[in-house]
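Subject: Structure handover

Hello,

Here is the structure I promised to pass on. Please open it first, then read my notes below.

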Amino acid sequence: MKNKDKMYAYRILKPILGPIFKLYYNPTIIGKENIPKDGPILIVGNHKHLFDQCLAIVATKRPIHYMAKKEYFDGKFVWFFKLVGCIPVDRNRKDEDAKSKALEVLNSGYALGLFPEGTRNKTEKFLLPFKYGAVSMAEKTNAYLVPFGITGDYTFRSKNLTIRFGEPFKVSSDLETANKKLEKEVSRLMRENLKNNGK
């Protein structure tokens, strides 16, 4: 399926699935005005639950190409991941094909979503160490990084499920400094959520 066909399917599915997701989980979305309306962007944040990408998707009208582990493309929902333009990533090797497709998305002026932790955080740590993929691709494509922090529970009509977006920023050639800034900002957004939710 060509990319334009995938995005057509994305635009059909989102108006149907988006309201259902919002109604069921009742998420609080803060700072969505920080998401640029056009141009290449990477929407990046912490990862704790399978549905984290859905929170970012329902926060903006822009289609988001998410990078997702290739195992998702082996299951019964493979049709869904393909339809919405996800990019499969083999985490057991340096997946140059996935990286090339992601750079193509950004160089075409679209939005790319990924989780710098590289996997869901199932530990007691607040955040896992950030990998350099996000800042590296942002530097190569002159794309904005749009950080977000997710906290709360994925329960029916949740009382505390929150996604908060921070100010977008660009990356200089100093990737280490940029990665530390990104990690610090995601952590700040998460803590702001927890402070306001009282837990």
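The buried residues of helix α5 pack against β2, β3, α4 (96-107), β5 (111-114), β6 and α6 (175-197). A caution before going on: this is a predicted model. The helix itself covers residues 133-141. Its buried residues are Ala134, Val135, Ser136, Met137, Ala138 and Thr141. In general, an α-helix has 3.6 residues a turn, so residues three or four places apart point the same way.

Asn142 sits in the loop between α5 and β6. A positive phi is also found at Asn26, where the value is near 55 degrees in a residue other than glycine. Asn26 belongs to the loop between α1 and β1 (28-30). Its relative accessible area is 30%, so Asn26 counts as partly exposed.

Now the overall layout. The protein chain has 6 helices and 7 strands. Read from the N terminus, their order is α-β-β-α-β-α-β-α-β-α-β-β-α. The radius of gyration is 16 Å, close to the 16 Å that the globule rule gives for 199 residues, so the chain is as compact as a globular protein of that length. Its C-alpha atoms fill a box of roughly 45 × 40 × 35 Å along the principal axes. Take the contacts between residues at least 6 apart in sequence: 72% of them join residues at least 24 apart.

Next, the inside. Buried residues account for 49% of the 199 residues in the protein chain. In soluble globular proteins, nonpolar side chains tend to be buried together. Here the largest nonpolar core holds 30 residues. Which of its members touch the most other members? They are Ile43, Ile64, Tyr66, Phe148 and Phe165. Several elements each supply at least two residues of this core: α1 (3-25), β2 (41-45), α2 (52-59), β3 (64-69), β6 (144-151) and β7 (162-165). The most comes from α2, which gives 6 residues.

Tyr66 deserves a look on screen. Leaving out residues up to four places away in sequence, Tyr66 touches Ile43, Gln53, Ala56, Ile57, Gly85, Cys86, Ile87, Gly113, Leu114, Phe115 and Phe148. There is also a second, separate core. That one has 26 residues, including Met67, Ile87, Leu106 and Met190.

Is it buried, partly exposed or exposed? Its relative accessibility is 45%, so Thr177 counts as partly exposed. How far is Thr177 from Thr28 in space? The C-alpha atoms are 30 Å apart, and the two residues are 149 apart in sequence.

Over to you.

Best wishes

Notes. Residues numbered from 1 in each chain as written. Predicted model: local features only at pLDDT ≥ 70, side-chain atom pairs only at ≥ 80, totals over all residues. Heavy atoms only, no water. Core = buried A, V, L, I, M, F, W, Y, C linked by side-chain atoms within 4.5 Å. Buried < 20%, exposed > 50% of the residue type's maximum accessible area, 1.4 Å probe, protein only. Helix = DSSP H or I, 4+ residues; strand = E, 2+ residues; numbered from the N terminus. Contact = heavy atoms within 4.5 Å. Rg over C-alpha atoms; globule rule 2.2 N^0.38 Å.
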